[in-house]
Structures are given as C-alpha cells and as structure tokens.
Amino acid sequence: MQIEIAPVEGLPLIKEGDDLPALICDLVSFEDGDILCVASSVFSKAKGYTRVLASITPGERAERIGTMCGEDARFIQAVLDESSDILLEAPFVLSELACGHVGVRAGVDQSNVEDGLLILLPPDPMAAAHEIRERVAGITGKDVRVVLTDTCGRSFRRGQTGTAIGWSGMTAIRDYRGDTDLFGHVLKITEEAVVDEIAGFANFVMGESNRGVPAVVFRNCPRWTGHDALYFTADEDITRAALKKMIQ
Ligand code: GDP
Ligand code: MN
Ligand code: MN
C-alpha cells in the first residue's frame, strides 16, 4: 500500500456562488478512486452558509451563556441557532447539530473569513459531500470519493484534529467485527472510524491558518466495507447522557 497525498494548491479566496468542485477540477487530474477531502469552511463560503454578526439579536439564553463564557452574545446566538441540542453551556457551548455531529460552538467559525462574518457548518454535510462527488463526476467522468472535514476539539485530549462531518462513496466505519486477530481471536468490537482518520491527515495537510489549502487528494487508498452509523444513538451515548445531567 503506497498512498499518495497531495494538497490542492492555487485555489482563490472562495466567495458565495463559486463552483468549488469546478475550481478544484481545474487544478487536479482526478483518477477513479481518489479521495477528495474538502474543508467544510470553504464549502460553506461557496454556498453562503454564513451570517453577519452585526445582524444577530441575541436572546436571553445567549446573553446568559455569553456572560458565562466571556463571548459575544450574538456569536452565541448563532451557535444556539445551529444547535439541535445543547450538551454544555460553559466554559464553552458544546452542542449537537441536526446532522448528528457534536461540536464545540456548533462548528461556527470566525477564522479565515472577513471580519464580522461567521461561517456555519453546511446544514446537510452528507448531501454536501454527495453533491461535490456528483459534480466532480459530471466534470471529469471520474468516480472520486469525498470527505468533508472540519477541525474539531476532542474529549480527554488537548489539541484539535480533522473530523469527517460528511462523506460520499465510502462507509464511515470499516467493520472488523468477526475478523480474527494474529492469534485467531475473533474481534468483537473493533470498528475503525476510517473517515475520521482520513480527515485527520487531510487537516494536517491543510493547516489551520493562512496556508490556503482547503482541499487535499488521497490516491491509492484501498477501499473498505462497513457501515455509516458513525454517531452513537442517544441510548448508546453515555458521555452525552452525563453532560446533559450537568445542565439540568
Ligand atoms: P475548517 O477546518 O473547515 O474550519 O477550515 P480552516 O479555516 O481551518 O481552513 C482549512 C484550510 O483552508 C487552511 O489551509 C486555510 O488557509 C484554507 N482556506 C480557508 N478558506 C479558504 C479560501 O477561501 N480559499 C483558499 N484557497 N483557502 C482557504
Ligand atoms: Mn471549522
Ligand atoms: Mn481547520
């Protein structure tokens, strides 16, 4: 296995209305099976999933959380508006989005965008990944796989890593259950979150600041089989249950 990973260099600053997959296709000679990773921030900029901070009127809860967290209540209101369930209010808002993703500040970004503008996560990241894949197929005739990434913090560890929030052409999880290990033991619980592993390395290539690389291509990455049930259900998720108890 020799996987090649290449940054997509030379993309402009993305603005609303841009055909992002077409801009990427101008810079990359795709092959069937390539995995195209795209930063959710640029997808959102192209689609206009942004908000003007000054246009937001915070409600009572946003004012209260803003004071607790030392953050602009208008920003907090945007975070609340993106959230389907609040798991933690302070020292930062941790919430679930309608798509199932759980993230700090609902993934609302204030970096790599003009002052006073907020970048929201795409409301349907799975559909977003699918749309990019279809558009690349339409332009190039190539069957690429797509991962939409965002930089996220993690529980238990310092430091942010890339996380997959949408994917298309692959399953999120590679399922090892039923396989045997080197000693013949049957694996009972091993499910590998491959989309997050790929997003993590793509994020490393993109960087966080001013590198200007919002897309990365993996070539020669083997295929796998598994399933898409990446998010715990409410019943399974003991961390979420514990957090919810704290704010009740
Ligand atoms: P996120 O992880 O999806 O929130 O996105 P980041 O803001 O961390 O950006 C990821 C990468 O994309 C970094 O290399 C940024 O410099 C780059 N980037 C962000 N916006 C743009 C843009 O509009 N044009 C280009 N060319 N690069 C961008
Ligand atoms: Mn982000
Ligand atoms: Mn990032």
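Which residues make a nonpolar surface patch of about 540 Å²? The patch is formed by M1, I3, I5, F201 and F204. For such a patch, residues must have over 30% relative accessible area and no salt bridge, with nonpolar side chains (Val, Leu, Ile, Met, Phe, Trp, Tyr) joined within 5 Å and like charges within 9 Å. One of the patch residues, I3, sits in the segment before β1 (4–7). With a relative accessible area of 34%, I3 is partly exposed; buried means under 20% on this scale, exposed over 50%, and partly exposed in between (1.4 Å probe, protein chains only). Helices (H or I, at least four residues) and strands (E, at least two) are DSSP runs, numbered from the N terminus.

The model is predicted, so local features need pLDDT of at least 70 and side-chain atom pairs count only at pLDDT 80 or more, while totals for chains, interfaces and linings use all residues. Residues are numbered from 1 along each chain as its sequence is written, chains are lettered from A and ligands numbered from 1 in the order in which they are written, and side-chain values use heavy atoms, with hydrogens and water left out.

Turning to the overall layout, the protein is assigned domain 1 (1–48 + 121–232) and domain 2 (50–120), the bounds coming from an automatic or database domain assignment. The centres of the two domains, taken over C-alpha atoms, are separated by 25 Å. Domain 1 brings 15 residues to the contact and domain 2 brings 13 residues, where contact means heavy atoms within 4.5 Å. About 1100 Å² is buried between domain 1 and domain 2, and carbon and sulfur atoms give 55% of that area. Buried area here is the accessible area (1.4 Å probe) that two parts lose on being put together, summed over both. On the domain 1 side, K45, L121 and Y231 lose the most area to domain 2, together 47% of what that side buries. Across this interface the rule finds 0 salt bridges, a salt bridge being a side-chain nitrogen of Lys or Arg within 4 Å of a carboxyl oxygen of Asp or Glu.

Two helices deserve a visit. Helix α2 (residues 40–47) has 7 of its 8 residues buried, so it is largely enclosed by the rest of the structure. The buried residues of α2 are S40, S41, V42, F43, S44, K45 and A46. Within this helix, S41 counts as buried at 18% relative accessibility. Apart from its neighbours within four places in sequence, S41 is in contact with D109 and I119. After α2 comes G48, with a positive phi near 80°. Helix α4 (residues 73–82) is likewise largely enclosed by the rest of the structure, because 7 of its 10 residues are buried. These are A73, F75, I76, Q77, A78, V79 and L80, and the buried residues of α4 pack against β3 (50–52), α3 (60–69), β4 (83–88) and β7 (117–119).

Among the loops, the one between β9 (161–168) and β10 (173–175) holds T171. T171 is buried, with a relative accessible area of 18%. Leaving out residues up to four places away in sequence, T171 touches V195, W224, T225, G226, H227 and D228. T171 and D143 are 28 residues apart in sequence, and 15 Å lie between their C-alpha atoms.

The structure holds 16 salt bridges. In one of them, R219 pairs with D34, the closest N and O atoms being 2.6 Å apart. R219 lies in strand β12 (residues 215–219) and D34 in the loop between α1 (20–25) and β2 (35–39), so the pair ties together parts that are 185 residues apart in sequence. R219 is buried at 18% relative accessible area, and D34 is buried at 1%. R105 and E71 also meet through their side chains (3.0 Å, N to O). This pair ties together parts that are 34 residues apart in sequence, because R105 lies in the loop between β6 (102–104) and β7 and E71 in the loop between α3 and α4. R105 is partly exposed at 28% relative accessible area, and E71 is partly exposed at 22%. Salt bridges that share partners also join E60, R61, R64 and E89 into one network. Finally, K15 forms a salt bridge with D18, with the closest N and O atoms 3.2 Å apart. Here K15 is exposed, with a relative accessible area of 53%, whereas D18 is buried at 19%.

Notes:
Areas by Shrake-Rupley, 256 points an atom, 1.4 Å probe, with all protein chains shown as cover.
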